[in-house]
Amino acid sequence: MDAVERVVRFYESYRGGKQIIGRSVCGNPIVALFVGRGEPRILVQCAVHAREWVTSLVALEQIARGMPFGSAAFVPLANPDGAALSLRGEIFLRSIPACRAEFLRRVNRSSDFSQWKANANAVDCNVNFDAEWGTGTHNARMPAPANYIGPYPFSEPETRALRGFTLAYRPAATLSYHTKGREIYWEFGQTGAALARDKKIAEALAAETGYTAKLVRGSAGGYKDWCIRALGIPSFTVEAGSDDWAHPVGEERLPRLAEENARIPALLAELVWKIR
């Protein structure tokens with residue numbers, strides 16, 4: 001059973017609150033699961049990059065652990081088509097319309113899709129948000145396995161689903177899980193008190209995980225960026241796992257990833273509550 005199947009099974013058997021927040025390019029459900037109760041509310045989204053599907057399993061571990069403080073909505077598999085393509089390759093391609101499968105083969109220029117980051121439109125969803133869209137250093141302007149910004153912001157059903165759900169849920173802060181690098185990114189043009197607040201939270205999250213809170217330049221159009229710019233809330237990208245590991249980070253790394261990040265959603269809720 002691969003990661004996509006495990007998320008589906010977990011969702012089907014989950015006894016807590018849950019919701020389908022949208023559908024992917026190929027019509028697969030994008031789901032949210034709710035944990036804990038009360039304020040503050042945190043939103044955790046994972047696997048928006050296809051080959052980083054292992055983060056969906058980190059989310060399942062965090063959901064099972066619960067939220068001793070505050071509450072959280074988890075979107076464990078923000079890019080279900082891409083994750084299935086990365087994991088299954090031709091098996092997935094044979095399950096979708098032939099014209100789309102052929103398009104994806106042409107874009108990839110290989111039968112090996114394990115490094116694929118994009119969705120089934122060959123758009124990298126994490127550069128498709130309306131936050132200085134199209135200004136990133138590594139942006140691509142044509143369909144590609146990674147970094148293609150899409151024809152316009154929120155062109156993709158996956159990014160629209162995250163936008164709509166985020167606006168409806170109204171989180172106090174968000175986490176985006178990626179691999180890899182053992183780094184936490186937290187800045188996108190905040191100033192003054194917001195900058196100081198978010199830096200302090202990022203450093204506390206870094207201390208818990210053993211990761212490094214880091215400023216990055218030349219990146220734009222991500223979910224974190226949009227949350228900071230459009231909503232004015234603390235928003236963090238966690239690059240989980242060692243940079244010495246190869247992409248895609250495999251399930252054998254899950255115990256370490258889960259251990260390092262076990263307390264992060266609840267800790268973020270606690271920090272947001274205290275640092276206001």
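**Aromatic pairs and overall fold**

Ring pairs link Phe129, Phe154, Tyr223 and Trp226 into a cluster. The model is predicted. A search of the whole structure finds 11 aromatic pairs. Two further pairs are described here in detail.

The ring centres of Phe34 and Tyr169 are 6.0 Å apart, and the planes meet at 40°, so the pair is tilted. Phe34 belongs to strand β2, while Tyr169 belongs to helix α6 (residues 157-169), so the pair ties together parts that are 135 residues apart in sequence. Phe34 has a relative accessibility of 24% and therefore counts as partly exposed. Tyr169, with a relative accessible area of 8%, is buried.

The other pair consists of Phe69 and Trp273. Here the ring centres of Phe69 and Trp273 are 6.3 Å apart and the planes stand at 70°, so the pair is edge-to-face. Phe69 sits in the loop between α2 and β4 (71-75), and Trp273 sits in helix α10 (residues 264-274), so this pair ties together parts that are 204 residues apart in sequence. Phe69 counts as partly exposed, at 29% relative accessibility. Trp273 is also partly exposed, with a relative accessible area of 38%.

The protein as a whole contains 10 helices and 8 strands. Its C-alpha trace spans about 55 × 40 × 35 Å along the principal axes. A compact globule of 276 residues would have a radius of gyration near 19 Å; the protein has 17 Å, which agrees. Of the 276 residues, 58% count as buried. The exposed surface comes to about 11,600 Å², and carbon and sulfur atoms supply 49% of it. Among contacts between residues at least 6 apart in sequence, 76% join residues at least 24 apart.

Strand β2, which holds Phe34, also takes part in a hairpin with β1. Strand β1 covers residues 18-23 and strand β2 covers residues 29-36. The two strands pair in the antiparallel sense, over 5 bridges. Within this pairing, Gly22 has Ile30 of β2 as its bridge partner. The hairpin leaves 5 residues between the strands. Gly27 lies in the turn and has a positive phi of about 85°.

His49 is found in the loop between β3 (41-46) and α2 (54-65). The residue has 7% relative accessibility, so His49 counts as buried. The side chain of His49 makes a polar contact with the side chain of His178, at 3.3 Å. Leaving aside residues up to four places away in sequence, His49 touches Asn79, Lys117, Asp124, Asn126 and His178.

With a relative accessible area of 44%, Gly232 is partly exposed. Residues up to four places away in sequence again set aside, Gly232 touches Arg197 and Cys227. Gly232 and Tyr185 are 47 residues apart in sequence, and their C-alpha atoms lie 16 Å apart in space.

Methods. Residues are numbered from 1 along each chain as its sequence is written. This is a predicted model: local features need pLDDT of at least 70, side-chain atom pairs count only at pLDDT 80 or more; totals for chains, interfaces and linings use all residues. Side-chain values use heavy atoms; hydrogens and water are left out. Two strands pair if DSSP finds at least two bridges between them. Helices (H or I, at least four residues) and strands (E, at least two) are DSSP runs, numbered from the N terminus. Buried means under 20% relative accessible area, exposed over 50%, partly exposed in between (1.4 Å probe, protein chains only). A polar contact is a pair of N or O atoms within 3.5 Å; within protein, one must be able to donate a hydrogen and the other to accept it, and residues adjacent in sequence count only if both atoms are side-chain atoms. Contact means heavy atoms within 4.5 Å. The radius of gyration is taken over C-alpha atoms; the globule rule is 2.2 Å times the number of residues to the power 0.38. Accessible areas come from the Shrake-Rupley method with a 1.4 Å probe; for residues, only the protein chains shown count as cover. Rings of Phe, Tyr and Trp (its six-membered ring) pair if their centres lie within 6.5 Å; planes under 30 degrees apart count as stacked, over 60 as edge-to-face and the rest as tilted.
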